[in-house]
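Here is a short note for a colleague who is new to this model. The points below can be read with the structure open.

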Amino acid sequence: MKLVYTGKTKNVFEMENGNYLLKFKDDVTGKDGVFDPGENSIGLTIEGVGDVNLRMTEYFFNKINAAGIRTHFVKANLEDTTMEVLPAKVFGKGLEVICRCRAVGSFIKRYGDYIESGTKLPYYVEMTFKDDAKGDPLVTKDGLIVLGIMSSEQYDTIKEMTQKITKIVADDMEEKGMELYDIKFEYGYDADGKVMLIDEIASGNMRVYKDGEYIQPMELSELFFK
């Protein structure tokens, strides 16, 4: 297999059948040796984190596929921490889609003059460019269309998919006595322009609370698979 991309937390290989293989690593983002999913650079290595991230990703992608929502997921191999995925092009140079169930984090930093921290939100969707140097700037639907990054139809599809997928994750967390506050996703599209969920769904991509207290990503993975 040919290595085509070396990422912060995954390496990507091209397979002979035209699909791609994602190799999950134990590297995580953070700062000063502390795991922080919001950071843009690798901060430390945690043994086993690639394994638990793949396990959660496999669990949710299977569930999302079963619900009839398009994803790039084909299958996972837990023994060698890899996942086979369909080829997909990313939007622009990379886009993150965030769904917010409560007003926390960067949302409250921006809009704290107008809303109290922790206020429930109606599966609020926003998009940001993946650009570390510029601090992942927000972009509107009109901006994405004007810049030629996606069509109006693709935007509406992503928003609808995001809200449906977030509900799947939130319902699972609720069953386990936890509450999803927000979660981020990535999307791509196939040769026909059809949108699909890509990348991963792991504890480092979401903010989850239990009894009003934030749960660290590694602890969340442990609680989820108890």
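1. Helix α1 (residues 49-66) lies across β3, β7 and β8. Its direction is at about 145° to β7. Contact here means heavy atoms within 4.5 Å. Axes are lines fitted to C-alpha atoms, for helices over the stretch in contact, and angles run from 0 to 180 degrees between N-to-C directions. Helices (H or I, at least four residues) and strands (E, at least two) are DSSP runs, numbered from the N terminus.

2. The model is predicted: local features need pLDDT of at least 70, side-chain atom pairs count only at pLDDT 80 or more, and totals for chains, interfaces and linings use all residues. Residues are numbered from 1 along each chain as its sequence is written, and side-chain values use heavy atoms, with hydrogens and water left out.

3. Which strands make up the open sheet, and in what order? Five strands form it, in the order β1-β2-β3-β8-β7, with antiparallel pairing. Two strands pair if DSSP finds at least two bridges between them. The edge strands, β1 (2-6) and β7 (73-77), each pair on one side only. From one strand to the next, the twist averages 25°.

4. Take β8 (residues 82-85) next. With β3 (residues 20-24), β8 pairs in the antiparallel sense over four bridges. L22 stands opposite M83 of β8. β7 and β8 are also antiparallel, over four bridges. There, K75 has E84 as its bridge partner. The hairpin of β7 and β8 has four residues between the strands, and T81 takes a positive phi near 55°.

5. Now the second largest pocket. It holds about 190 Å³ of space. A pocket is an open set of points on a 1 Å grid over the protein atoms alone, where a 1.4 Å probe fits, with protein on both sides within 12 Å along at least five of seven lines; lining residues have an atom within 4 Å of a point. The volume is the space filled by probe spheres set on the points.

6. What lines this pocket? Residues including C101, K120, Y123, D171 and E179 do. β11 (120-129), α4 (152-175) and β13 (179-189) each give two or more residues. α4 gives the most, with four. The lining has seven nonpolar residues, no polar and four charged.

7. Overall, the protein chain has five helices and 16 strands. Its C-alpha trace spans about 55 × 45 × 35 Å along the principal axes.

Technical notes:
Ala, Val, Leu, Ile, Met, Phe, Trp, Tyr, Cys and Pro count as nonpolar, Asp, Glu, Lys and Arg as charged, and the others, Gly among them, as polar.
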